[in-house]
Each structure stands twice: as C-alpha cells, then as structure tokens.
Amino acid sequence: MSAFSALIARDVRLAFRQGSAATLSVMFFFLAVMLFPLGVGPEAAILARIASGVLWVAALLSVLLSLDRLFQADYEDGSLELLALSGLPLELTVLAKCLAHWLTAGLPLIIAAPVLALLLDLPAKGLAALLLAMALGTPSLSLIGAIGAALTVSLRRGGVLLSLLVLPLYIPVLIFGVAAVEAAIAGLPSISHLLILAAIALAALVLCPLAAAAALRLSLE
Amino acid sequence: MPQTGFAGESLSCLRGERLVFREVSFHLEPGGALLLEGPNGSGKSSLLRLCAGLLKPAEGRLVYKGRDIAQDPEAHRARLAYVGHLDAVKAVFTVAENLAFWAALVPGGAGRAQAALERFELDHLAEVPGRFLSAGQRRRLALARILVQPADLWLLDEPTNSLDRAACEALTAAIATHRSGGGLVVAATHVDLGLGTVPVLRLGSPAPAPAVAPEVS
C-alpha cells in the first residue's frame, strides 16, 4: 500500500473509531434542515421553494463543523510534523487528508440528501441535479476548508476564526450549487452550473493543497 | 567542506525575536553520535528541528555528504528519523495499528514492525489501544517507529523521557546497532545514554559570549 492510500485509510478509520465521522456531520445535517420546517412553518409550497437553498446551506455548515479535526488532532499529538518529515510531499499529505475528510464528511451528506429533499418536498425534477451538484461541490468544500484549517491549526480556539475564513470562500459553491437545482426545477438545462462547479472543484484540487501545505509549514516552524 | 557525514556550519537560530544560539558548528562522521547538552531553553530542540529541516537556520547551513540539505529537502527527509517531545500515538488505535501506519509510509516497513515491537518489549501490548498506554510505553512506541522507518540520521529529542531502565538499555542497543551500520545519531539528553565516549555539544554558555562549539568529528 502506498503512503498516500495508507494515510487516507488511516484518517477514515480514525474518523470512524472516534465516532465523529459520518454520524456526526449527517446528524447535524438532518437537524439543521429539520429546523426550517419548524421555523418557517409547514407549508409545502414555501418549503419546496427554499428546499435547495436550505439543503446547501446545511451541507456547508456541517462540512464546516468537521473541518477543525482535519489537521488539529495530528498537530497536537505530533503526528503532523512526522507526516511533514515523511517521504510523502506535504501537498500530497494535505490532499490525502482532504480526500479522507470528504469520504467521512462530504459523501455521507450526498447519501442523506435525497431523504431530506423528500422531507422538504423538493420537486422531483431537481433531485438529480441536487445530487450531481453536491457530488461536484462537496469535494471543493473539503479542499477549500483545508486552507482555513491549516491556517488556524496552531490556535487553541481557532473554530470561530476558521468559520470566518472559510465561509466567504464557500459562497461560489453555494451560488452555483443552488442555481443548478433551481434551473432543473424550472425545466432549464443545469449543465452550465454543474460545469462551473466542476471547474471550481478542479481549481481547488490544484491550488488548495499548495496553499494549505504552505500554511502548515508556517505552523510547524 | 567535509564530503562525508553530517555537519552544521556556524548555525544561528532565531525564534520570534529571540536569538536562541549562534555560531554553532559540528561535524559527524558516518557511525558517529553527537550529544546535545545544555539547560532548558538553550536550543537543543531547536537545533534538532534545524537538523530535521522543520526550521530554517537564520545563518549558517547544514551539510550532508557535502551537499546543503536545503538544496534537496525531500532527499533529506527520506534519510532522517525524528523523535520529538510528542509521541504521535493515536488513542483509538492499538499499538500494532499505530506502528503499522508509520511502517506503511515507507517501502518494506511492514516487514520490520514485529521486530521493532519486540525490541522495545511492546509485542505483548500489540492489541492494547493507545489510550491505555503509560507514558513510558508510549515513548517506547515512538522509538519503535524509528526502527520501522530505516534512516541514516536519527534525531532524538530527550529519547529517554519516562523510560525505565530496561527500555533505556534497549535504546542504547538500538543506537549501537544503528551506528555500527554507519548510521548517525544526534540526541538531546540530560541522562547518560550509555554511548561511551561521544562528542558533546554544549549549548547555552553564559551570555554574552557566543555558544562555542567544539569542531568535533
């Protein structure tokens, strides 16, 4: 097994052993979405109108919630500096950890999304676009979040600062993610929005590991 | 400029605004060992982090086999093993799993895991989760890690912390084996590692005189 896949396997196993993985972010996703019918009232027309936005905002927040564990635990127990000294370039270490984060925090959201879409009465025409948009958008959330997590890794209470750094960067994903679903519901082609989401994901795939690795090097000095 | 071994040439280290040490030089031939001594805060850990490439020297340079380590940091990382203050033991992984991960990072590491566990008498603890280990057992696990990741240069920061006598002897034996194969060791320590007569680099001589280091070989 190569070092890259060994690191992904370790992070996924760590997340499941600590019980903070899939379960926690999916539970948060469910709860955050279920607050909206309680808050705005149970009228199906209103819920159907806001469903795509609610689902995306809740997904953003639940990914954000799990970002602090991306590097923090490894930083505190000394594993991170050993990983930085291992043969694997730090950029690839970041990429492996982002992939593991997506597998444990992003992928479960995509699996849970159809159930919640049903709950909010999202028009069936939008469901396929929602799943595609989330599949293209959530990897960007993990990758962009890695920059914030790397910058705040040496701060004891970096959680709030992490949100302030990362949430503005999530806005493009939110806009095009919602737009793709809305277009599909309106019977328009959503391909252009999905392509932009794919472009964001590809750019994040290249740039975010570089930026996060540079931030980690500063933190490790 | 020495063409063999590992050398530091008039190194200075700045942490924030503070000058930790300056004009520190050393030279290690293959098979050599260097002990770092000095009071708390004299820069032993900083020098080890410089040697590992985690910190950049404010002045001076580190040379391995005649080449500045800053020229090829990846090659340098591949030949060193570092044991810092922290043990990097995951609480939810068993001893064997903790070690297996570090072994998986290097080619052929998995085959050495069992021998490393036995060397530090961890084999009977292999299935115990990290959170139940004592401080000394965690330290032994951290030391076992450097046996599964074979490296030319060992950088050990207070390796004997929390170790009992038997584990100290196992460490001494491991260092002797490593050196007999041409390996290098730089260790910061307050206790006798039982390495015999090896050069000592004393850091933190009283200010304002610069820390004078012997040119050792």
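This is a predicted model: local features need pLDDT of at least 70, side-chain atom pairs count only at pLDDT 80 or more; totals for chains, interfaces and linings use all residues.
Figure 1. When its neighbours within four places in sequence are set aside, the contacts of S190(A) are with A129(A), A180(A), A183(A) and A184(A).

**Figure 2. The five-stranded sheet of chain B.** The strands of this open sheet follow the order β6-β7-β8-β3-β9 in chain B, and their pairing is parallel. At the edges stand β6 (80-83) and β9 (200-202) of chain B, each of which has a single partner strand, so that one side of each is left without a neighbour in the sheet. From one strand to the next, the twist averages 15°. The helix α5(B) packs on the sheet, where it touches β6 and β7 (153-157) of chain B, and the direction of α5(B) makes about 175° with that of β6(B).

**Figure 3. Strand β3(B) and its two partners.** Strands of a sheet pair through backbone hydrogen bonds, which may be arranged in a parallel or an antiparallel way. Strand β3 of chain B, residues 33-37, runs parallel to strand β8 of chain B, residues 184-188, and four bridges join the two. Within this pairing, A33(B) is placed opposite V185(B) of β8(B). With β9(B), strand β3(B) also pairs in the parallel sense, here over three bridges, and the bridge partner of E37(B) in β9(B) is R202(B). Four of the five residues of β3(B) are buried, and the strand is accordingly mostly covered.

Figure 4. Rolling a probe the size of a water molecule over the atoms shows where empty space is left. Two cavities of 30 Å³ or more are present in the structure, and the largest cavity holds about 50 Å³ of space. Its lining is formed by D87(B), A88(B), V89(B), N98(B), L99(B), W102(B), L141(B), A142(B) and R145(B). Two or more residues of this lining come from each of the elements α3 (95-104) and α5 (135-148) of chain B. By class, the residues that line the largest cavity comprise six nonpolar, one polar and two charged.

**Figure 5. The second largest cavity, lined by residues of chains A and B.** This cavity has a volume of about 40 Å³. Chain A is represented in the lining by R10(A) and S79(A), and chain B by A88(B), K90(B), F93(B), N98(B), F101(B) and W102(B). The element that gives the most to the lining of the second largest cavity is α3(B), with three residues. Four nonpolar, two polar and two charged residues make up the lining of the second largest cavity.

**Figure 6. The largest pocket, with lining elements from both chains.** The volume of the largest pocket is about 460 Å³. It is lined by 23 residues, of which G53(B), L54(B), L55(B), K56(B) and P73(B) are the closest to its centre. Chain A contributes to the lining through α5 (79-85) and α9, and chain B through α1 (44-52), β4 (59-64) and α2 (73-78), each of these elements giving two or more residues. The lining of the largest pocket divides into 14 nonpolar, three polar and six charged residues.

**Figure 7. The second largest pocket, with residues of both chains about its centre.** About 370 Å³ of space lies in the second largest pocket. Its lining consists of 24 residues, and those that lie nearest its centre are Y75(A), E81(A) and L220(A) from chain A, together with R49(B) and L86(B) from chain B. The elements that supply two or more residues to this lining are α4 (72-76), α5 and α9 of chain A, along with α1 of chain B. The largest share, four residues, comes from α4(A). In terms of class, eight nonpolar, eight polar and eight charged residues line the second largest pocket.

Definitions and conventions:
Residues are numbered from 1 along each chain as its sequence is written. Chains are lettered from A and ligands numbered from 1 in the order in which they are written. Side-chain values use heavy atoms; hydrogens and water are left out. Contact means heavy atoms within 4.5 Å. On a 1 Å grid over the protein atoms alone, a cavity is a set of points where a 1.4 Å probe fits but cannot get out, and a pocket is an open set with protein on both sides within 12 Å along at least five of seven lines; lining residues have an atom within 4 Å of a point. Grid points are joined across faces, edges and corners, and a volume is the space filled by probe spheres set on the points. Ala, Val, Leu, Ile, Met, Phe, Trp, Tyr, Cys and Pro count as nonpolar, Asp, Glu, Lys and Arg as charged, and the others, Gly among them, as polar. Two strands pair if DSSP finds at least two bridges between them. Axes are lines fitted to C-alpha atoms, for helices over the stretch in contact, and angles run from 0 to 180 degrees between N-to-C directions. Buried means under 20% relative accessible area, exposed over 50%, partly exposed in between (1.4 Å probe, protein chains only).
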